[in-house]
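The following paragraphs lead through one protein model, from its pocket to its core and then to several individual sites. Please keep the sequence and the coordinates at hand while reading.

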Amino acid sequence: SKAESVMIAGLFLYAARDLAALYRFMGKSAEADRIDGCYADMLKTVEEQAWDGAWYTRAFDAESRPVGSKTCEEGKIYIESQAWCVLGGAGVNNGRARKALQAVDKYLYDRDYGCALQYPPYSTYHLELGEVSSYPPGYKENAGVFSHNNTWIHIGWTLFGEGEKALEYYLSICPSAKKDHDIYRSEPYVYAQMTASQFSPTPGEGKNSWLTGTGAWSFVAASQHILGVRPDFNGLIIDPCIPKKWKGFTVQRKFRGVTYTIEVKNPKAKSKGVKSLLVDGKKIVGNLIPLPAPGTTAVKIEVTLGA
């Protein structure tokens with residue numbers, strides 16, 4: 001296919017940034033600089049070609065026509081390109097990233113069901129689009145709520161310090177948080193591949209349980225971005241993004257053979273921002289916990305939000 005995917009461009013940005021950081025960690029600065037150049041080229045292309053005015057297009061078909069654009073009659077906005085462009089760093093310096101997430105909130109999100117894949121759904125089959133338009137409106141690839149894709153938006157909100165939205169969105173697809181399991185009609189302890197969206201005749205009905213990678217991504221969203229405990233090449237980053245009403249939490253994380261007991265306090269009712277960080281009682285600057293001395297088996301971390 002000659003179609004060009006904006007989602008894949010966003011994935012490229014995300015991966016290139018990680019790869020450059022890895023090269024720098026390995027001391028290969030020339031390779032890191034080369035990847036930085038690739039990142040800059042792709043970012044320029046995304047911003048010049050993919051921005052549609054209030055969100056990022058999904059793709060361009062073989063005839064160079066946009067998919068997921070305001071110029072389309074149906075399928076004007078897709079979730080994937082908003083998520084991955086934002087996670088890849090597009091739109092951060094020009095306000096577009098937040099606008100893209102706000103567009104998801106406006107057109108795709110329902111707090112009882114989650115985010116649909118696109119809006120509006122396709123009413124008829126389109127040969128050039130194929131499978132995405134082959135299902136009834138509100139199901140599967142045609143504007144169903146794919147659990148897997150939703151998790152990327154959860155992470156996106158944490159990048160902007162939106163702790164309430166991040167948790168609300170997280171709970172919107174969480175099986176155990178479903179209010180009516182006679183409607184959900186799927187196991188309350190495992191993610192379904194998709195849920196019939198607000199655009200379907202049976203909104204909220206779970207489909208294809210167990211057939212998804214959502215569990216892994218949800219764990220990443222919850223542990224690494226909402227609770228904010230995530231690995232880095234040089235240590236462990238502590239960067240929570242929580243609802244302001246949370247007083248704090250405690251989490252235990254095993255990382256490179258060391259058990260970290262991390263207590264987070266939120267005395268000023270903030271969503272994001274580490275004010276102070278103590279490692280075994282010693283204050284360190286920033287929010288990166290450096291690797292401990294060889295032979296260390298346990299480390300105690302005390303974090304106060306409010307920066």
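The largest pocket has a volume of about 660 Å³. On a 1 Å grid over the protein atoms alone, a pocket is an open set of points where a 1.4 Å probe fits, with protein on both sides within 12 Å along at least five of seven lines, and lining residues have an atom within 4 Å of a point. Grid points are joined across faces, edges and corners, and the volume is the space filled by probe spheres set on the points. The model is predicted: local features need pLDDT of at least 70 and side-chain atom pairs count only at pLDDT 80 or more, whereas totals for chains, interfaces and linings use all residues. Residues are numbered from 1 along each chain as its sequence is written, and side-chain values use heavy atoms, with hydrogens and water left out.

The lining of this pocket comprises 21 residues, and Tyr14, Arg17, Asp18, His225 and Arg230 lie nearest the centre. At least two lining residues come from each of helix 1 (6–25), helix 3 (79–87), helix 5 (147–159), helix 8 (214–226) and strand 11 (229–232); helices (H or I, at least four residues) and strands (E, at least two) are DSSP runs, numbered from the N terminus. By class, the lining has 13 nonpolar, three polar and five charged residues, where Ala, Val, Leu, Ile, Met, Phe, Trp, Tyr, Cys and Pro count as nonpolar, Asp, Glu, Lys and Arg as charged, and the others, Gly among them, as polar.

The largest nonpolar core holds 71 residues, of which Tyr56, Tyr260, Ile262, Leu277, Ile301 and Val303 touch the most other members. Such a core is a set of buried Ala, Val, Leu, Ile, Met, Phe, Trp, Tyr and Cys residues joined through side-chain atoms within 4.5 Å; buried means under 20% relative accessible area, with a 1.4 Å probe and protein chains only. Helix 1 provides the largest share of this core, seven residues. A second, separate core of five residues includes Ala59, Val67, Tyr78 and Tyr122.

Helix 5 is largely enclosed by the rest of the structure, because 11 of its 13 residues are buried. Among them are Trp152, Ile153, His154 and Trp157. Just after helix 5, glycine 161 takes a positive phi of about 75 degrees.

Tyrosine 169, in helix 6 (residues 163–173), is buried at a relative accessible area of 0%. Leaving aside residues up to four places away in sequence, tyrosine 169 touches Asp105, Tyr109, Cys115, Ile153, His154 and Trp157, contact meaning heavy atoms within 4.5 Å. Its side chain makes a polar contact with the side chain of aspartate 105 (2.4 Å). A polar contact is a pair of N or O atoms within 3.5 Å; within protein, one must be able to donate a hydrogen and the other to accept it, and residues adjacent in sequence count only if both atoms are side-chain atoms.

Two loop residues remain. Serine 69, between strand 3 (66–67) and strand 4 (77–78), is buried with a relative accessible area of 1%, and its side chain makes a polar contact with that of threonine 71 (2.9 Å). Asparagine 266 lies in the loop between strand 14 (258–265) and strand 15 (274–279) and counts as buried at 3% relative accessibility. The side chain of asparagine 266 reaches the backbone oxygen of tryptophan 246 at 2.9 Å, and a polar atom of this side chain lies 3.4 Å from the backbone oxygen of lysine 244.

Key. Buried < 20%, exposed > 50% of the residue type's maximum accessible area, 1.4 Å probe, protein only.
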